[in-house]
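Good morning, and thank you for coming.

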Amino acid sequence: MAKVLEKVSDYNYASVDDGSKIISCPRYMNDVYTLGIDLQYYIGDIYLQMGEMSLGQAKSQYKKMAVSELEIKEKIQEINNVRLNELLSHFYNNGGQILEAPLTTEQAKEIQPFFNRILDTYFKRLESLLVLAAEGSITPDRLDRMINFDTVELYGNIGKLFKVDEIVKGFKVLIKIRENVRK
């Protein structure tokens, strides 16, 4: 169980002065998609590790759940690639003009503590769900539904922190992708 709880993605982390790591507040739409992709890897890894610890039907169910998370990750990656191509086209069509971040550094610093609090709550919730699943108190299917609900809620709550339409739209896209793949 400890192996599952120790596994945290490093993809989008920045070191803080005290040596701990935090996820940076998104300043661009692509940062939002990167966060979504990182969470998909994280959730998929959890399911794979839970599958390694399980037997029988639960083992195969966890593997199917991990594949579903990979499908969501691929959808997010496709949209992220389209967005990156749009930015690249804009860059070349405008003579190499540097694009300003929709969210300034100062705005990101103001939002960061609230962003961290929402993420901390999410990860604590996941940790408690994993403990319940490892104990057998909840089924893999129930765990999957609860993580899905918590992830959609996470995106919605984080999206509410921002006044920048581009970033809010990115979180709405993440919610839509999750809901469409889960149908």
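I begin with helix H3, where the buried residues are Tyr 62, Met 65, Ala 66, Ser 68, Glu 69, Ile 72, Lys 73, Ile 76, Asn 80 and Arg 83. Buried here means under 20% relative accessible area, exposed means over 50%, and partly exposed lies in between, with a 1.4 Å probe and protein chains only. These buried residues of H3 pack against H2, helix H4 (105-135), H5 and helix H6 (165-181).

A word on the basis of what I show. This is a predicted model, in which local features need pLDDT of at least 70 and side-chain atom pairs count only at pLDDT 80 or more, while totals for chains, interfaces and linings use all residues. Residues are numbered from 1 along each chain as its sequence is written, and side-chain values use heavy atoms, with hydrogens and water left out.

Now the overall layout. The chain has 6 helices and 2 strands, and from the N terminus on its elements run α-β-β-α-α-α-α-α. Helices (H or I, at least four residues) and strands (E, at least two) are DSSP runs, numbered from the N terminus. Of the 183 residues in the chain, buried residues make up 40%. Contact means heavy atoms within 4.5 Å. Among contacts between residues at least 6 apart in sequence, 76% join residues at least 24 apart.

Let us return to H3. It has 38 residues and reaches 56 Å from its first C-alpha to its last, close to the 56 Å expected at 1.5 Å a residue; the expected span is 1.5 Å times one less than the number of residues. Following H3 comes Gly 95, whose phi is positive, near 70 degrees.

Neighbours within four places in sequence aside, Arg 83 is in contact with Met 29, Asn 30, Tyr 33 and Glu 166. Gln 77 also has its place in helix H3, but Gln 77 is partly exposed, at a relative accessible area of 26%. Between Gln 77 and Gly 36 there are 9.1 Å in space, C-alpha to C-alpha, although the two are 41 residues apart in sequence.

I turn next to the partners of helix H2. The axes of H2 and H3 (residues 56-93) come within 8 Å and cross at roughly 165 degrees, which makes H2 roughly antiparallel to H3. Axes are lines fitted to C-alpha atoms, for helices over the stretch in contact, with angles from 0 to 180 degrees between N-to-C directions; an angle over 145 degrees counts as roughly antiparallel. The residues of this contact of H2 with H3 divide into 16 nonpolar, 8 polar and 5 charged. Ala, Val, Leu, Ile, Met, Phe, Trp, Tyr, Cys and Pro count as nonpolar, Asp, Glu, Lys and Arg as charged, and the others, Gly among them, as polar.

With H5 (residues 140-159), the axis of H2 (residues 29-53) comes within 12 Å and crosses at roughly 160 degrees, so H2 is roughly antiparallel to H5. The residues of the contact of H2 with H5 divide into 9 nonpolar, 3 polar and 1 charged.

Finally, 18 of the 25 residues of H2 are buried, so H2 is largely enclosed by the rest of the structure.

How values were computed. Parallel < 35°, antiparallel > 145°, perpendicular 65-115°, else oblique.
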